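Me: I'd like to learn how to read a fold from its coordinates. Could you walk me through it, one feature at a time?

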Amino acid sequence: MRGLASNLSRLAQGRNLMEDLLRRVDTSPTPGPAQPRTALTRVASFGTNPGNLGMLTYVPDQLAPSPALVVVLHGCTQSPAAYNDGAGWSDLADRHGFVLLFPEQTKANNPKACFSWFLPHDTARGSGEAESIRQMIEAAAAEHGIDRSRIFVTGLSAGGAMAAAMLATHPELFSAGAIIAGLPYGAAGNVQEALNAMFQGQNRPASEWGDLVRSASPHRGAWPRISIWHGAADQVVKPGNAAELVKQWTNVHGLPITPDERSFFAGNSREVWHDASGAEVIESFDIAGMGHGTPLAVGEGDMEGGAAGAFMLDVGISSTHHIAGFFGLTEEAAGHTAIRSKPTIRAQVASSGREALDGEILPPRRETRQEGGHFDPETFGVPASLPPQVLRVIQNAFQAAGLVKR
């Protein structure tokens, strides 16, 4: 009974924290203009809409032939327009000619505008919100002549968890997806389980996570490629959820849990898994010191954009630019992450008290070597399979000893 009381107490504390966070977001001013910078178009009718969602799109003036489609799912308390302004997706759509689809949660479904990623009816194939999003995709694809082999989905927080649900229930629709501060598919079946998953996390076998995806649809073909992003200091959706997402999708792809590559940049880490042909199929980013939100590099540079605000965090790395590269929508290579110039990164790292490397991403490679002063764990007999946060501590110790150039 004491264990049950302790668990209930932790859940109550988590619920109180979430409600407090949402109250502060609701009442505090958001940086940036009051009106959206980019107008989205509302689509009044797109199907039976069993999930009672809204549909908005952004179509650039110059579309590429047979354009791609990116489905963007906002987080709690956000609107599609606010998320687009923060993440800067429409700027990239203008530059590269792809179409954006923004499902919109309604207050009638959830007073905080959270997608219902934790309700079985809304995350099952053919029903609820998942079916509404599928109908939107079909409508947008028909209207704009979308290349059906280039449909992608991404989302933040509840939107990230809903993106995971769409990738699980309709894998045949998507070439790839990106989950930011989200949770594995099947992590919760009701509100109480959702709070437990968010604030405490779960530790399930990879095969169990994988079975949840495999049982969500009759699909047995190629699976979508997956990009996972999480802040190491996230107190709303615990970072352990990223590790469980990795377990889920490596199992689905039939890959080992140990990554083929691990690179470090500005205190952050990127892990990569390849398929048999050598193509990147899963990547996972651990953003050092970042809380709950979408990583941004706000500025006017080629690899910068968006606007900081609630849950839109200017940490010097543009997840939007990198994800677009991972999707194959831009000329940027996915292995070279969109980060700020070195002086800006150094200033930001110094202000956070974190150690950094030279401020650049290491080129992806299967066999790491000690080059240019960068830290390669295996060179010093350190197992590369250690958790990223442990590797960072060891790296800092070697730097302090002068064994690795800062």
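**Reading strands, sheet and helices**

Reply: Happy to! Let's begin with burial: strand β6 (residues 176–180) is mostly covered, with five of its five residues buried. Keep in mind that this is a predicted model.

Me: Which way do the residues of β6 point?

Reply: Look at the two faces of the strand. Ala-176, Ala-178 and Ile-180 point one way from β6, while Gly-177 and Ile-179 point the other way. The residues on both sides are all buried.

Me: In which sense do β5 and β6 pair, parallel or antiparallel?

Reply: Here you compare strand directions and then count bridges. Strand β5 (residues 151–156) pairs with β6 in the parallel sense, over five bridges. For a landmark, find Thr-154, which stands opposite Ala-178 in β6.

Me: In which sense do β2 and β4 pair?

Reply: Strand β2 (residues 54–58) and strand β4 (residues 99–104) pair in the antiparallel sense, again with five bridges. Met-55 stands opposite Pro-103 in β4.

Me: At what angle do α3 and α9 pack?

Reply: For two helices, read the angle and the distance between the axes together. Helix α3 (residues 89–96) and helix α9 (residues 319–327) pack at about 45 degrees, with their axes 10 Å apart. That angle makes α3 oblique to α9. The crossing of α3 past α9 is right-handed.

Me: Which residues meet between α3 and α9?

Reply: From α3 come Trp-89, Leu-92 and Arg-95; they meet Thr-320, His-321, Ile-323, Ala-324 and Phe-327 in α9. By type, the residues of this contact divide into five nonpolar, two polar and one charged.

Me: Is Leu-195 buried or exposed?

Reply: For a single residue, compare its relative accessible area with the cut-off: buried means under 20%. Leu-195 lies in helix α6 (residues 191–199). Its relative accessible area is 9%, so Leu-195 is buried.

Conventions
Residues are numbered from 1 along each chain as its sequence is written. This is a predicted model: local features need pLDDT of at least 70, side-chain atom pairs count only at pLDDT 80 or more; totals for chains, interfaces and linings use all residues. Side-chain values use heavy atoms; hydrogens and water are left out. Axes are lines fitted to C-alpha atoms, for helices over the stretch in contact, and angles run from 0 to 180 degrees between N-to-C directions. Helices (H or I, at least four residues) and strands (E, at least two) are DSSP runs, numbered from the N terminus. Angles under 35 degrees count as roughly parallel, over 145 as roughly antiparallel, 65 to 115 as roughly perpendicular and the rest as oblique. A crossing is left-handed if the near helix is turned anticlockwise from the far one by less than a right angle, and right-handed if clockwise. Contact means heavy atoms within 4.5 Å. Ala, Val, Leu, Ile, Met, Phe, Trp, Tyr, Cys and Pro count as nonpolar, Asp, Glu, Lys and Arg as charged, and the others, Gly among them, as polar. Buried means under 20% relative accessible area, exposed over 50%, partly exposed in between (1.4 Å probe, protein chains only). Two strands pair if DSSP finds at least two bridges between them.
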